[in-house]
Amino acid sequence: NQALAAEQNGLPEIIHQSSCSQILTSGATHENIIRFTTEGWLNINVIRVDVTNPYVKLNAITNNESIQKLTSVPTLAESSKAAGAVNAGFFNWSKIPGLNSPIGPIVNDGNIVTSSSDFNRYGNSMASFSIDNLNQIFYEYWKTDIKLITEKGTSIPVERYNVQLNNNGDITVITRQWSSTSIGKPEVSQTGSKSRPNSYSDIVEMVVKDDKIMEIRQNLPPVEVPENGYVVIAANGNTKKITDNFKVDETVTLEIITNPNWSTTSMAVTGGAIILKDGAIPSKFSHDVPGKHPRTAIGSSKDGKQVIIVTVDGRQQESLGMTLPELAKLMLELGAHNAINLDGGG
């Protein structure tokens, strides 16, 4: 136990603090810090990972059955036998099946799981934390360009990869990581109501297996997504982009280009703002949720050898939560040189 003062770094003054630590696994430790400050209590958890240790690995976890299925952090951790885990990316939430989806790119075990061409299209808003195959750490505002290339070499832009079809019905590609079946044309019951809620008056789905077009379906029920392939979906005014450019039995190539390059990336998760850049706190955050809230952040030491993962409980008497500037100052205090804000959770 110790009495500390933190006025010099802009945090509330610490009146009392206690902490306890444990080894999670080879190369990773967990510390729980309980603080009583001039503003109230804080419950802080810190995982430190030695990325130079060959026996520990950082990765992104999603639901094994479908990335659109929202799953608790403990369940995700258990499914991957993780030694430790925190909430990571922001996501779209809906009570309607098929409308839940992660926001921003995810790379798991060197494979791109989801991404969108419209993500960060109009400015640097939401940053990603990534580690490349050489264990280098990056904090970048990812950009993505997705294309389908026809047998004749024509490039057809794709809006989304393993994300729900948008309201415009722009071309979207889904694999079995998104769903085992496509969305298909909603069936209309005898009472006139649709059995599946969507607003598409016209929908085309192109089934691709082993880079070969197996079927082009127009306004038909959902179809199974091939194990070794994907389904290309377009709706409303975008259907002709498929029917005019592709034919059954032709070959097609799906090209996903990201900056930074996902093909040399081991893992990546998307958060919000970069809250520490080269040891300095930005004057303005690109993505902010004002006020004191539960917070989650990930950062790394100046030499890039240690990753620091932090949660701060919030919205309760036992732990008030933090503002984003306070979180940035906490990351500095804990030894981070660069850091981003993740989804703080409930």
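Trainee: Let's begin with F36. Is it buried, partly exposed or exposed?
Mentor: This is a predicted model, so keep that in mind. F36 counts as partly exposed, because its relative accessibility is 29%.

Trainee: How many aromatic pairs does a search of the whole structure find?
Mentor: Two. In one of them, the ring centres of F36 and W41 are 4.8 Å apart. Their planes meet at 45 degrees, so this pair is called tilted.

Trainee: And W41, buried or partly exposed?
Mentor: W41 is partly exposed, at 35% relative accessible area.

Trainee: What about the rings of F129 and Y139?
Mentor: Their centres lie 5.6 Å apart. The planes are at 70 degrees, so that pair is edge-to-face.

Trainee: Why 'edge-to-face' there?
Mentor: The angle decides, because planes over 60 degrees apart count as edge-to-face. F129 and Y139 are at 70 degrees.

Trainee: Which strands do F129 and Y139 lie in?
Mentor: F129 is in β8 and Y139 is in β9. The pair therefore ties together parts that are 10 residues apart in sequence.

Trainee: Are F129 and Y139 buried or exposed?
Mentor: F129 is buried, and Y139 is buried too.

Trainee: Stay around β8 and β9. What sits in the loop between them?
Mentor: N135 does. The loop runs between β8 (128-132) and β9 (137-140). N135 has a positive phi of about 70 degrees, and it is not a glycine.

Trainee: Why point that out?
Mentor: Because most residues other than glycine have a negative phi.

Trainee: How exposed is N135?
Mentor: N135 is partly exposed, with 40% relative accessible area.

Trainee: Where is K81, and what is its phi?
Mentor: K81 is in the loop between α1 (73-79) and β4 (91-92). Its phi is near 55 degrees, a positive value in a residue other than glycine. K81 counts as exposed, because its relative accessibility is 76%.

Trainee: Now peptide bonds. Which one is cis?
Mentor: The bond from N259 to P260 is cis. Its omega is near 5 degrees. P260 is in the loop between β17 (253-259) and β18 (265-270).

Trainee: Let's switch to sheets. What is the order of the open sheet with seven strands?
Mentor: The order is β1-β2-β3-β21-β20-β22-β19, and the pairing is antiparallel. The edge strands are β1 (14-25) and β19 (274-276), each pairing on one side only. Neighbouring strands are turned by 20 degrees against each other on average, direction ignored.

Trainee: How many bridges do β20 and β21 pair over?
Mentor: Six. β20 covers residues 295-300 and β21 covers residues 306-312. They pair in the antiparallel sense. A297 stands opposite V310 in β21.

Trainee: And the open sheet of three strands, what's its order?
Mentor: It goes β11-β10-β17, with antiparallel pairing. The edges are β11 (155-158) and β17, and each pairs on one side only. Twist averages 30 degrees from one strand to the next.

Trainee: How many bridges join β10 to β17?
Mentor: Seven, with the strands running antiparallel. β10 spans residues 143-149. T144 stands opposite T258 in β17.

Trainee: What do β14 and β15 form?
Mentor: A hairpin, with two residues between them. D210 in the turn has a positive phi of about 50 degrees. β14 (residues 203-209) and β15 (residues 212-218) pair in the antiparallel sense over six bridges. V207 stands opposite E215 in β15.

Trainee: How does the lining split by class?
Mentor: Seven residues are nonpolar, three are polar and four are charged.

Technical notes
Residues are numbered from 1 along each chain as its sequence is written. This is a predicted model: local features need pLDDT of at least 70, side-chain atom pairs count only at pLDDT 80 or more; totals for chains, interfaces and linings use all residues. Side-chain values use heavy atoms; hydrogens and water are left out. Helices (H or I, at least four residues) and strands (E, at least two) are DSSP runs, numbered from the N terminus. Buried means under 20% relative accessible area, exposed over 50%, partly exposed in between (1.4 Å probe, protein chains only). Two strands pair if DSSP finds at least two bridges between them. Axes are lines fitted to C-alpha atoms, for helices over the stretch in contact, and angles run from 0 to 180 degrees between N-to-C directions. Ala, Val, Leu, Ile, Met, Phe, Trp, Tyr, Cys and Pro count as nonpolar, Asp, Glu, Lys and Arg as charged, and the others, Gly among them, as polar. Rings of Phe, Tyr and Trp (its six-membered ring) pair if their centres lie within 6.5 Å; planes under 30 degrees apart count as stacked, over 60 as edge-to-face and the rest as tilted.
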